[in-house]
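Here is a short briefing for a reader new to this structure. Look over the sequence and the fold, then read on.

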Amino acid sequence: MPIHQRHSISSRPAAPDETDESESPSTPTPPITNTKTKNNATNPEDGGKSDSENGIGVLDVLRILGGILLLSSGMSWLATGESVTWGWNPWFLRVGEWKALVNGPVRLTDAQLAEYDGTDPKKPVYLALNGTIYDVSAGRKTYGPGGSYHFFAGRDAARAFITGCFAEDLTPDLRGVEEMYVPIDASDTPSAENPVPTYDPLAPAGHHTPDSAPKPAEKSKSSDNVGAKKPLTRTELKIRREQEYRQARKKVRAALEGWHVLFRGDKGKPYFKVGEVVREEGWLEKMEPRELCEAARKGRPVRKD
Ligand code: HEM
């Protein structure tokens, strides 16, 4: 028996029959130590051990753990303002995940998905990212009509999630999008018509003019420099290009994953995955390949060397 229960026994008022005993002139009042001796007596159910040897009982441990848990949850809520688990948000603690599990996966075509753009208040709001459908009903203000990101609702606009071109790229077609991360040759950019803009911090306001293109004389001077870099061979250029594309594709995957993390609810947003977009075989090839949107093209890094 746990210690707290034992304590309550030893401190409880004497039972009527015990009082009778103590009041009996023939039997002396049992001293308190007698009660303790009684409690410390060997209990066959405890495997022959006395209660004092048992230490803290299971119930005590549970109570202490419960107290710690409660305290931690309270502190987490105060600190984070939204989480009782210090931001830890595994799938099994999310109501949406269970709802999706019970209802089974949603399978919609792109056309069917469009019905879940928030215009019908009775329907959930869905958006898709690279074929995965998420329920973003908790963000109806953002994704519903009039919301700042309504254009993402009811469709798979994976490309726009990468490029940020919300007008042109509302499509799941990611072909060639990695190019936005591939550096363009420095030699491609500077020219007399299109000089590299520079910022002179000492120039008066309104006089931050771009540098003019290097003059031919200056060019030849710099190319005569001792120790100037040798131009890369065709093979070296090819290898570099391949490496850059590999890196660029990695960046696309990472950027996409960042959004998946948000919509899965891993970061605490009450969104969750509900299913997949169903598309016919060869759907991508049937689409017209697209150019990189202007903003993404302009944002491409420029190779220094
Ligand atoms: C690739 C570019 C971008 C993408 C794909 C994007 C996408 C998004 C998405 C999906 C949300 C909603 C997140 C949620 O449901 O919690 C959001 C929120 C927000 N974004 Fe962007 N964003 C981009 C760039 C920007 C930029 C450049 C700005 C600032 C100028 C910006 C400002 C905001 C603001 C203020 C919110 C909160 C709005 C709200 O909750 O209604 N975003 N963004």
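Residue classes come first: Ala, Val, Leu, Ile, Met, Phe, Trp, Tyr, Cys and Pro count as nonpolar, Asp, Glu, Lys and Arg as charged, and the others, Gly among them, as polar. By that scheme, the shell around the ligand holds three nonpolar residues, four polar and one charged. The model is predicted: local features need pLDDT of at least 70, side-chain atom pairs count only at pLDDT 80 or more, and totals for chains, interfaces and linings use all residues. Numbering starts from 1 along each chain as its sequence is written.

**Overall make-up**
- The protein chain has twelve helices and four strands. These are DSSP runs, numbered from the N terminus: helices are H or I with at least four residues, strands are E with at least two.
- Of the 305 residues of the protein chain, 15% count as buried. A residue is buried if 20 or more other C-beta atoms lie within 10 Å of its own, exposed if 12 or fewer, and partly exposed in between; C-beta atoms are placed from the backbone.
- Take the contacts in the protein chain between residues at least 6 apart in sequence: 61% join residues at least 24 apart. A contact means that the two C-beta atoms, placed from the backbone, lie within 7 Å.

**Ligand surroundings**
- The residues around the ligand are G139, T142, S148, Y149, F152, F161, G164 and K269.
- To be near a molecule or strand, a residue needs its C-beta atom, placed from the backbone, within 6 Å of it.

**The sheet**
- Four strands form an open, mixed sheet in the order β1-β4-β3-β2. Its edge strands are β1 (106–108) and β2 (126–129), each pairing on one side only.
- From one strand to the next, the twist averages 35 degrees. Axes are lines fitted to C-alpha atoms, for helices over the stretch in contact, and angles run from 0 to 180 degrees between N-to-C directions.
- Strands pair if DSSP finds at least two bridges between them. Three bridges join β1 to β4 (residues 272–277), and these two run parallel.
- In that pairing, R107 stands opposite E276, and L108 stands opposite V277.
- β3 and β4 run antiparallel and are joined by four bridges. Here T132 has E276 of β4 as its bridge partner.
- Five of the six residues of β4 are buried, so this strand is largely enclosed by the rest of the structure.

**Helices on the sheet**
- Helix α6 (residues 95–103) lies across β3 (132–135) and β4, at about 40 degrees to β4.
- Helix α11 (residues 234–264) also packs on the sheet and touches β2, β3 and β4. Its direction makes about 150 degrees with that of β2.
- Q243 is found in α11. It is exposed, with 10 other C-beta atoms within 10 Å.
- Q243 and V182 are 61 residues apart in sequence, yet 9.6 Å apart in space, C-alpha to C-alpha.

**Helix α5**
- Helix α5 (residues 58–80) has 23 residues. From first C-alpha to last it reaches 32 Å, close to the 33 Å expected. The expected span is 1.5 Å times one less than the number of residues.
- α5 is hardly covered: the count of buried residues in it is zero.
- G81 follows α5 and has a positive phi, near 80 degrees.

**A loop residue**
- N130 sits in the loop between β2 and β3. Its phi is positive, about 50 degrees, although N130 is not a glycine.
- N130 counts as partly exposed, with 18 C-beta neighbours inside 10 Å.
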